[in-house]
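Hello,

Please have a look at it first, and then read my notes below.

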Amino acid sequence: MMTIDKFNFAGKKAIVRVDFNVPLNEEGKITDDTRIRGALPTLKKILADGGALIIMSHMGKPKGKVNAKYSLSQIVDAVAAALGTPVKFAPDCAKAQEAAAALKPGEVLLLENLRFYPEEEGKPVGIEKEDPAYEDAKKAMKASQKEFAKTLASYADCYVMDAFGTAHRKHASTAVIADYFDADHKMLGYLMEKEVQAVDNVLKDIKRPFTAIMGGSKVSTKIGIIENLMDKVDNLILCGGMAFTFAKAQGGKIGNSLVEDDKLQLALDIIAKAKAKGVNLVLGCDCVAADKFANDANTQVCDDKNIPDGWMGLDAGPKTQEEFKAAIKGAKTILWNGPAGVFEFDNFAGGSKAIAEAIAEATKEGAFSLIGGGDSVACINKFGMADQVSYISTGGGALLEAIEGKILPGIAAIRGDK
Ligand code: AMP
């Protein structure tokens, strides 16, 4: 497989799929440039080699229509500043042949939002799934998606995939385009390489003991991951709102705590499976209960299976926090997805903080720690501890699907994984 380090971009035009789906404020100013910074190593290597760059990305959900709110023209200056070189802009990503052809080594062209074309996502527009004509429309769209991908491919000599955030989507720019380059002219970028390595560290090259911490609101959205991890982990901490579904399933009284009543049997199955596989399942034993869903609620620490009527568990209690710490201490591989409480409220961030601190401590002792998938990243940032863990993934859904054991189309397109 070709790699970005092996490839010499001198005199070549590279089309690079990045994830520049950055948040903008009302004035169109970037409020968090993490994603732009994340792509810089790849972009700079290509320029340093003497290559020309064609950068492509999506922004937001314009649903196949031109929408100024999601125009990448708004980020041209920021990208130029980050790269330290001027950036040209192609206002129509499917009509950039001339601009691409005119590029000289060291020059940069940013294409307009790919999702202004429905072909990028490849879903038929304006027709419901129930419509008898849907299947034909889907086929027609798949054909025009190929044409769209072919057009994008025609701009360049080689293709670099570096958008981990969208690697779980089989879109024109993330996967289909790779069909138009031979194996020696397509590769993953540095960010993708790092993400793939991080996932491999927790799924393949596991150093033991391995502790996974799954939190957040619902067990239903995490079940695929929990099942895949069950075969790999030594300790599995299930916390956050989903812990109350487990408490109720075991006959507990959980007051007004979050619960998925249709998942009680599933919770019991998970408990049984953990036992059968010898996994140390940590579900906690106490919680911080509140009399309303607010930071200034009255609170009490109580047994998580005996929560008074009218109260709800919003955080892990002190004994549970000790259980978390014990399961994380000494671990050599750690994966954390999802908070242990309503961390957005300072008064209910204690459980998540205890986890973050234990992970930082274990990381200092040599553990590999991967944090990712949405809220746990916000959590670790809130505590100012991002630099105390091994790796923070840039992918939400993509990371979760990778941990579920699914093959990501954006990676398969380059590596040929089946
Ligand atoms: P998820 O998107 O499923 O990862 O869930 C993250 C959300 O779960 C965060 O917004 C937390 O505030 C929320 N959460 C965590 N613990 C609880 C809890 N005990 N009760 C209600 N919400 C919770």
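To begin with the ligand: a backbone N or O atom of G241 lies 3.1 Å from one of the ligand's nitrogen atoms, a polar contact in the sense of a pair of N or O atoms within 3.5 Å. Please keep in mind that this is a predicted model, in which local features need pLDDT of at least 70, side-chain atom pairs count only at pLDDT 80 or more, and totals for chains, interfaces and linings use all residues. Residues are numbered from 1 along each chain as its sequence is written, and side-chain values use heavy atoms, with hydrogens and water left out.

K222 places a polar side-chain atom 3.1 Å from an oxygen atom of the ligand, while a polar backbone atom of G313 is 3.0 Å from a ligand nitrogen. On its own the ligand has 500 Å² of accessible area, and the protein covers 81% of that (Shrake-Rupley method, 1.4 Å probe).

There are 15 residues around the ligand, and those that come nearest are S217, K222, G313, E344 and D375; a residue counts as near if one of its heavy atoms lies within 4 Å. This shell is made up of five nonpolar, six polar and four charged residues. Here Ala, Val, Leu, Ile, Met, Phe, Trp, Tyr, Cys and Pro count as nonpolar, Asp, Glu, Lys and Arg as charged, and the others, Gly among them, as polar.

Where does the ligand sit? Its place is the second largest pocket, meaning that more than half of its atoms lie within 2 Å of the pocket's grid points. A pocket is an open set of points on a 1 Å grid over the protein atoms alone, with protein on both sides within 12 Å along at least five of seven lines; a cavity is a set where a 1.4 Å probe fits but cannot get out, and lining residues have an atom within 4 Å of a point.

The largest pocket has a volume of about 1,300 Å³. Of its 43 lining residues, D19, N21, R35, G165 and T394 are the closest to its centre. Helix α1 gives the most to this lining, five residues.

There is also one cavity of 30 Å³ or more, and the largest cavity has a volume of about 50 Å³. Its lining consists of D19, R35, G38, A39, D162, G165, L191 and T394. Three of these residues, the largest share, come from helix α1 (residues 34–49).

Finally, two backbone details. Most residues other than glycine have a negative phi, and most peptide bonds are trans. K63, however, is not a glycine and has a positive phi of about 55 degrees, and the peptide bond from R208 to P209 is cis, with omega near 0 degrees.

Enjoy exploring!

How values were computed. A polar contact is a pair of N or O atoms within 3.5 Å; within protein, one must be able to donate a hydrogen and the other to accept it, and residues adjacent in sequence count only if both atoms are side-chain atoms. Grid points are joined across faces, edges and corners, and a volume is the space filled by probe spheres set on the points. Helices (H or I, at least four residues) and strands (E, at least two) are DSSP runs, numbered from the N terminus.
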